[in-house]
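Please examine the model shown below alongside its sequence.

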Amino acid sequence: MPEIEANRFWVETDGNLRVCATVDLRLCYQTGEAGMVEGGNLWIFYDIRQYLERDQTFLSEGGVTVSGPAGVTWEGVPLVGGKVVRTFDIHPQAPEFLHAVHIICTGGKVGPDETITIWLKTDREGFRLPQNAIDAFRFWLVEDPHGELTFHHPGGKYHFFLPRTLDPSFMVSNPLCIAPGPPTDLRVTCPSISTGYVEPNLTLLDTYGNPLPHPNGPVHFRTRAGQTSDRPVRLKAPHDAVTVTCNGLETRSNSVRILDSMPKCTLYWGDIHGMQFNQRPLRDYFAWAKEIAHLDFSGGQLFSYSACIEEVWHQLLDAWREFTQPEDFISLPSIEFGTPPDGSHRLGFFPDTENLTPVFCEDRP
């Protein structure tokens, strides 16, 4: 697992940091005590799975611009045309699926503690931010000041650094806080079975599905029993639904069956398979399931090759335990396996996490 070096790599931006906004984005790298010689390398990575369209291709001309000390020349090359780079060499600190840019010192020498600035453009106006509202969108950098490393792609899925005897010098940038857009969608969820009154769960979303704070203006409910702004909302048998109006938006809930008393068995809603690939904290998956989707249970999985890393395993255990709240929400401790001999994907669910150790079952190297 690579060690992270701090404070020599950071990101600067000008513009509105909202989802899918285009900003002037600059990545700043400061050389270490060794400086950088001709032939030295920098590799810059960021998470591909935050994007609506995963192809975040850089402009063929002017997509990568580098500025540094006078007399030093540079070349910037988006790897695989700015599409998917997949590597475990900086995992788990960086996600497995990435965009990558290769910066090469083609002439001259950079002294110690010198600053190099890299502009990234994915369209003519600048760099397009991701579709996901996230308070820790980061960039990662591997430095190779003496030109000793090659980021090798032998074919197949994975890139890796050669020679394997060298540990890459790995850095992480300061986080960017990406805000959601304006509300464009309203969703309301009610229990599927009720004895006549329900407490609707409201969720405001932007056009990319990012949640926003609850409405701060008036909220009106309409049912077969009449219109009201009171909560809980009264429903009529044998079945009913809640139409909600707020913030200039209107939507209708799921249908609710009205009974005289609650049955012994009832309906619960959940998600048994949700992948946790990108850079968001692992607990965010369960927070979304409980607080945004208003599910009753959820099982979000990492593949066993990630879950078996000690620090990741403990993050999973903490998230499973935090979100298992009887009569409120249940997390489903589970792992996805790429099972031999053909890599078929299967889920393993664990009824008890007490004394549970990681399970590794993969067909990949």
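**A guided reading of the predicted model**

An open sheet of mixed pairing is formed by three strands, in the order β18-β28-β25. Its edges are β18 (193–194) and β25 (239–240), each with a single partner strand, so one side of each is left without a neighbour in the sheet. β18 and β28 (residues 256–258) run parallel and are joined by two bridges; Ser194 has Ile258 as its bridge partner in β28. Strands here (E, at least two residues) and helices (H or I, at least four) are DSSP runs numbered from the N terminus, and two strands are taken to pair if DSSP finds at least two bridges between them. In general, strands of a sheet pair through backbone hydrogen bonds, either parallel or antiparallel.

This is a predicted model, in which local features need pLDDT of at least 70 and side-chain atom pairs count only at pLDDT 80 or more, while totals for chains, interfaces and linings use all residues. Residues are numbered from 1 along each chain as its sequence is written, and side-chain values use heavy atoms, with hydrogens and water left out.

Leaving aside neighbours within four places in sequence, Ile118 is in contact (heavy atoms within 4.5 Å) with residues including Leu25, Leu27, Leu42, Ile44 and Ile103.

His159 is found in the loop between β13 (150–152) and β14 (160–162). Why does His159 count as buried? Its relative accessible area is 6%, and buried means under 20% (exposed is over 50%, partly exposed in between, with a 1.4 Å probe and protein chains only). Beyond its neighbours within four places in sequence, His159 is in contact with Val80, Val85, Arg86, Thr87, Phe151, His152 and His153.

For the protein chain as a whole, the secondary structure comes to three helices and 33 strands. The C-alpha trace spans about 80 × 45 × 30 Å along its principal axes. Of the 365 residues, 47% count as buried. Among contacts with a separation of 6 or more, 69% are accounted for by residues 24 or more positions apart.
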